[in-house]
Amino acid sequence: MIPRPHARTHSPRDPLAEALGRPLSPNEGLTEYTIVAHWPDLDYYTPNDEQRTWTSAQWAEHLEDPYLEHPFTASADDDRRAILHLDIRLHPDDRELTGPEWAETAHRFARAAGIEIPGAAEHGWRWIAVQAQPGRLDLIANLIHLDGTWRTPPSDILRRLADEARRIEQDLNLIPARTGPATRPAVRTAPTASAQFASVLTQLADEQAGPLATVRGLIEHTAHRIARQPGAASTEAAHGLELIARRLHAIQQDLDTTAAHLVRRSRIAAAPPVARHTAHRSP
């Protein structure tokens with residue numbers, strides 16, 4: 001089981017579409033078999049007579065609401081990218097989990113990520129868990145608290161998620177992420193040129209701390225602030241910046257693909273030659 005945090009965004013629409021594996025729809029209702037878990041306060045927030053089989057577009061709007069209710073809430077560094085997205089993937093050979101097991105897994109990762117705090121059910125953070133693709137769970141949350149404050153994820157969130165993944169694997173009898181056939185200790189060799197170039201490209205494409213991710217975040221933040229200014233010119237400028245941010249994201253993906261290709265080439269180049277067997281005639 002491998003948990004992976006994505007770069008935070010301004011909108012839950014792209015993360016939700018990625019979780020579903022298809023575009024959002026104003027007509028397709030998502031049942032409890034797809035939205036397997038959600039923030040505990042939703043049961044109190046939603047009127048009893050309201051239809052709970054929402055469409056994917058309605059779930060996205062639900063996660064976006066804190067932006068509208070608290071238009072000036074931001075992080076300590078004035079960041080409004082409040083949508084947190086995690087995806088959790090099972091080992092390819094794992095068994096299929098039941099609905100309750102997916103729900104339990106979602107709540108445990110929500111607590112590990114700091115967006116669900118036991119004993120603090122009132123006025124929480126909005127989050128949902130989507131199970132729409134085989135062996136995959138997506139957790140999408142808004143870091144803007146219902147009381148208007150900002151929730152900063154724990155600084156050690158990666159370690160917390162990894163530790164919780166190991167505990168869940170043990171509790172649900174799942175295959176550990178690093179399980180594999182026994183291999184001989186690897187012989188340390190000097191990195192090839194391809195491996196060195198791949199390392200550079202990987203750093204550039206890094207969604208968490210890469211320079212392109214930082215630039216993209218600044219562009220998205222600027223677009224969001226410009227969009228709040230009156231006038232058609234502001235709307236046009238914000239749209240133009242959003243397109244630039246998308247192109248940067250595409251460049252990051254291209255760099256990541258190229259880095260993976262270089263890594264494969266370096267592994268092939270570093271592989272020891274296969275010993276040739278020579279037939280000997282008997283006298």
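Student: Which residues does Leu139 touch, not counting those up to four places away in sequence?
Tutor: Leu139 touches Leu84, His85, Leu86, Ala106, Phe109, Ala110, Ile115, Trp127, Ile128 and Ala129. Contact here means heavy atoms within 4.5 Å.

Student: What sort of model is this, and how are the residues numbered?
Tutor: This is a predicted model, where local features need pLDDT of at least 70, side-chain atom pairs count only at pLDDT 80 or more, and totals for chains, interfaces and linings use all residues. Residues are numbered from 1 along each chain as its sequence is written, and side-chain values use heavy atoms, with hydrogens and water left out.

Student: OK, back to Leu139. What stands opposite Leu139 in β5?
Tutor: That's Ala129. The strands β4 and β5 run antiparallel and are joined by five bridges. Two strands count as paired if DSSP finds at least two bridges between them. Strands (E, at least two residues) and helices (H or I, at least four) are DSSP runs, numbered from the N terminus.

Student: What's the strand order in the sheet?
Tutor: The five strands form an open sheet in the order β1-β3-β5-β4-β2, with antiparallel pairing. β1 and β2 are the edge strands, each pairing on one side only. On average, neighbouring strands are turned by 20 degrees against each other, direction ignored.

Student: And which helix packs on the sheet, touching β1, β3, β4 and β5?
Tutor: That's α1, and its direction makes about 35 degrees with that of β4. Axes are lines fitted to C-alpha atoms, for helices over the stretch in contact, and angles run from 0 to 180 degrees between N-to-C directions.

Student: Is β3 largely enclosed or open?
Tutor: Strand β3 (residues 83-89) is largely enclosed by the rest of the structure, because six of its seven residues are buried. Buried means under 20% relative accessible area, exposed over 50%, and partly exposed in between (1.4 Å probe, protein chains only). On one side, β3 pairs with β1 (residues 2-5) over four antiparallel bridges, and Pro3 stands opposite Ile88. β3 also pairs with β5 (residues 136-142) in the antiparallel sense, over seven bridges, and Asp87 has Asp138 as its bridge partner there.

Student: How many residues does the largest nonpolar core have?
Tutor: It has 48, and Trp127 and Leu139 have the most contacts inside it. A nonpolar core is a set of buried Ala, Val, Leu, Ile, Met, Phe, Trp, Tyr and Cys residues joined through side-chain atoms within 4.5 Å.

Student: Which element gives the most to this core?
Tutor: α4, with six residues. There's also a second, separate core of 10 residues, including Leu201 and Leu262.

Student: Switching topic: where is Pro71 found?
Tutor: Pro71 is in the loop between α3 (56-69) and β3. Pro71 is partly exposed, with a relative accessible area of 31%. Leaving aside neighbours within four places in sequence, Pro71 is in contact with Arg80 and Arg228. Pro71 and Arg228 are 157 residues apart in sequence, yet 9.7 Å apart in space, C-alpha to C-alpha.

Student: What span should α7 have, and what do its end C-alpha atoms give?
Tutor: At 1.5 Å a residue, the 17 residues of α7 (residues 211-227) should span 24 Å, and the end C-alpha atoms are 24 Å apart, which agrees. The expected span is 1.5 Å times one less than the number of residues. Among the buried residues of α7 are Leu212, Arg216 and His221.

Student: Last one: how many helices and strands does the chain have?
Tutor: Eight helices and five strands. Buried residues make up 42% of the 283 residues.
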